[in-house]
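Dear colleague,

Here is the structure I promised to pass on to you, with its sequence. Please open it and keep it in view while you read the notes that follow.

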Amino acid sequence: MRFIDLFAGIGGFHQALESLGHTCVFASEKKENLAKLYFKNYGIEVNRNIRRINPYEIPDHEILCGGFPCQPFSKAGNQKGLFDPNNGSFFDIIVEILRVKQPNYFILENVRNLESHDEYRTWNYILERLEELGYSVDKKVMSPHQYNIPQHRERLFIVGSRSGLDHFNWPLEEKKTLSIHNFLNESNPKLVEEEKLKVIDVWQEFISVLPKNKKLPGFPIWATEFGATYPVKEIATNRLSSAELDSFKGSFGIELKGLSLKDKHNNLPPYSLNSKTERFPNWKIRYIEQNRKLYEENKTVLDPIVSKIKEFPIFSWQKFEWNCGELPRDLYKYIIQFRASGVRIKNNDFFPSLVTVSTQIPIIGWQKRYLSPAEGAAIQSFEKLYLPENLGSSFGALGNAVNVKLVRLIANNLLNVDIQHENTNIKYLEII
C-alpha cells in the first residue's frame with residue numbers, strides 16, 4: 001500500500017511502514033536539516049510547508065501517518081493545545097487531507113498528555129472530527145519498555161480505519177525486556193565534561209552523608225531551600241513588597257533585609273517568583289517544606305556540602321532527583337541526566353525518554369560518558385540511518401522521532417500484514 005509521512009522528522013513512520021512492504025509517496029517536514037536527511041536516507045524530496053500545499057496535489061495513498069507537533073499538548077510546553085498560534089492548527093490540516101484523499105487508514109502519534117489535555121476536551125474534539133469523516137477510531141498509550149526495548153517513553157497512538165476496526169487489536173505487551181547493555185557499543189564515546197563530573201561528585205557527597213538507616217528522599221531536592229525562611233503558605237513571594245520581605249531569608253539562608261527589591265528577587269529561588277496565583281500550589285508548598293525539614297534535621301553534616309552546591313553556576317544543578325529507591329548510593333552506577341528540573345538519577349534498567357534538548361542527553365554513569373547517537377537510534381529501533389554529526393542535532397532529531405518498532409507492531413495489526421520473522425538483533429548505525 002501507499003503511505004504519506006507527515007511531520008516526518010527522521011522517518012520513524014517511514015522505516016516502520018517500509019519494513020512491512022509499503023511505499024512512501026509523499027513526505028513533509030519543516031526543518032531544513034531533517035528534510036535533507038530524509039532525502040539522504042530514503043531518496044524522497046520532502047515538502048517543506050504542509051500549510052501551503054493543496055491537499056488535492058498530494059498523491060493518492062491508502063495510509064496517512066503523522067506525529068503532529070506535540071508542543072501545544074506537552075506538559076513541558078505552554079499547553080495551549082489546538083489554540084496554539086504556531087502548532088495548534090496542524091491537526092486540522094490532517095483532517096483536511098483525510099477529507100480530500102480519503103485513505104482507508106491512519107496512524108497518528110503524540111504525547112500522552114494529549115489525551116487528557118484541557119479536561120479531555122481536546123481529545124473529544126479530535127475524536128469527533130475523525131469520526132465525522134467516516135473513520136472508526138481507537139487510541140492507546142504505549143511505551144517501548146513494554147515491547148522488549150529498555151526505554152520509558154509513553155506516547156499516545158491513534159489509529160483509524162474507514163472499513164472498521166473489528167479486525168484490529170493493539171499489540172500484546174512482551175514479557176521480557178532487553179538489557180540496556182545490549183545497546184551500549186560505542187568505541188569513540190563523548191566523555192562527560194569535568195565541570196559536570198564535579199557536580200555529580202558533590203551530589204555524591206550529599207547522599208553519602210545522609211543517615212544510612214533512612215531512605216533517600218523521593219521528593220526533588222531543592223538546595224536553595226536550605227536556610228530559606230521566606231513565607232510559603234500565606235501568599236506567593238512575588239506578591240510581597242520589599243518591606244514585607246525584609247524579615248526573611250532567601251536562597252541558602254541569605255538575609256534579604258537591606259537589599260533592593262531587585263536584589264531580593266535575585267536571591268530568591270526562581271520557582272518562588274513565577275506563581276500566577278495568590279498562593280503557591282499545594283505541591284510546591286509540600287516540596288519546599290520537605291526540603292526545609294530535611295535540612296534542619298541534617299544541618300550539621302550538610303552545611304559543608306551545601307556551601308559547594310551554592311557555587312554551582314547553573315540553577316538547575318542546585319536541584320537533585322533520586323529515582324533509585326533503596327538501591328546502593330553510588331551515582332556512577334546509574335543513568336544521569338542534567339535536566340531543567342535538576343540532576344536526575346535513574347536506575348540502569350531502563351533509559352529515560354530521549355528528548356530534543358541537547359543538554360539532557362543521558363549519561364552512562366559507570367562509563368562517565370554520554371549515550372551516543374547510534375545507541376540512541378538503536379533504542380528508537382532505527383536501522384540503516386544517517387544522522388547529523390553534531391551530538392545535539394542528532395538527539396534533537398531522535399527526541400522528536402516515533403519509535404519504529406511500536407509503529408511496525410501497530411501497523412502490522414491494523415493493515416493485516418504478517419511479519420514472518422522479526423530481527424531482534426541490535427544494529428549500530430552509520431553516522432554522517
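Does phenylalanine 252 count as buried or exposed? With a relative accessibility of 15%, phenylalanine 252 counts as buried, because that value falls under the 20% cut-off for buried residues. Please keep in mind throughout that this is a predicted model. Phenylalanine 252 sits in the loop that lies between helix H6 (242-245) and helix H7 (261-266), and its phi is near 55 degrees, a positive value in a residue other than glycine.

Tyrosine 120 also has a positive phi, of about 75 degrees, although tyrosine 120 is not a glycine. You will find tyrosine 120 in the loop between E4 and H4, where its relative accessible area of 45% makes it partly exposed.

Serine 163 counts as exposed, because its relative accessibility of 54% is over the 50% cut-off. Serine 163 and asparagine 104 are 59 residues apart in sequence, yet their C-alpha atoms are 7.0 Å apart in space. Leaving aside residues up to four places away in sequence, serine 163 touches Asn104 and Tyr105.

Next comes the sheet. In general, the strands of a sheet pair through backbone hydrogen bonds, and they can do so in either a parallel or an antiparallel way. In this model there is an open sheet of six strands, in the order E7-E8-E10-E9-E11-E12, and its pairing is mixed. Its edge strands are strand E7 (221-222) and strand E12 (369-370), each of which pairs on one side only.

Strand E8 (residues 319-323) runs parallel to E10, and four bridges join the two; asparagine 323, for instance, has lysine 346 in E10 as its bridge partner. Strand E9 (residues 335-339), by contrast, pairs with E10 in the antiparallel sense, over five bridges, and here isoleucine 336 has isoleucine 345 in E10 as its bridge partner. E9 and E10 are also joined by a hairpin, through two residues. How enclosed is strand E10 (residues 342-346) by the rest of the structure? Four of its five residues are buried, so E10 is largely enclosed. E9 pairs in the antiparallel sense with strand E11 (residues 363-364) as well, over two bridges, and isoleucine 335 stands opposite isoleucine 364 in E11.

Helix H11 (residues 404-414) packs with helix H1 (residues 12-19) at an angle of about 45 degrees, and the axes of the two are 8 Å apart. H1 and H11 are therefore oblique to each other, and their crossing is right-handed. On the H1 side the residues that meet H11 are Gly12, Phe13, Gln15, Ala16, Leu17 and Ser19, while Val404, Val407, Arg408 and Ala411 meet them from H11. The residues of this contact divide into six nonpolar, three polar and one charged.

Ten of the eleven residues of H11 are buried, so H11 is largely enclosed by the rest of the structure. Among these buried residues are Leu406, Leu409, Ile410 and Leu414, and also Lys405 and Asn412.

A second pair of helices is formed by helix H3 (residues 90-101) and helix H4 (residues 121-132), whose axes come within 10 Å and cross at roughly 10 degrees. That angle makes H3 roughly parallel to H4, and H3 passes H4 in a right-handed crossing. The contact is made by Phe91, Asp92, Val95 and Leu98 of H3, together with Tyr125, Ile126, Arg129 and Leu130 of H4. By type, the residues of the contact of H3 with H4 divide into six nonpolar, no polar and two charged.

With best wishes

Key:
Residues numbered from 1 in each chain as written. Predicted model: local features only at pLDDT ≥ 70, side-chain atom pairs only at ≥ 80, totals over all residues. Heavy atoms only, no water. Buried < 20%, exposed > 50% of the residue type's maximum accessible area, 1.4 Å probe, protein only. Pairing = 2+ DSSP bridges. Axes fitted to C-alpha atoms, helices over the stretch in contact; angles between N-to-C directions. Parallel < 35°, antiparallel > 145°, perpendicular 65-115°, else oblique. Left-handed = near helix turned anticlockwise from the far one by under 90°. Contact = heavy atoms within 4.5 Å. Nonpolar A, V, L, I, M, F, W, Y, C, P; charged D, E, K, R; others polar.
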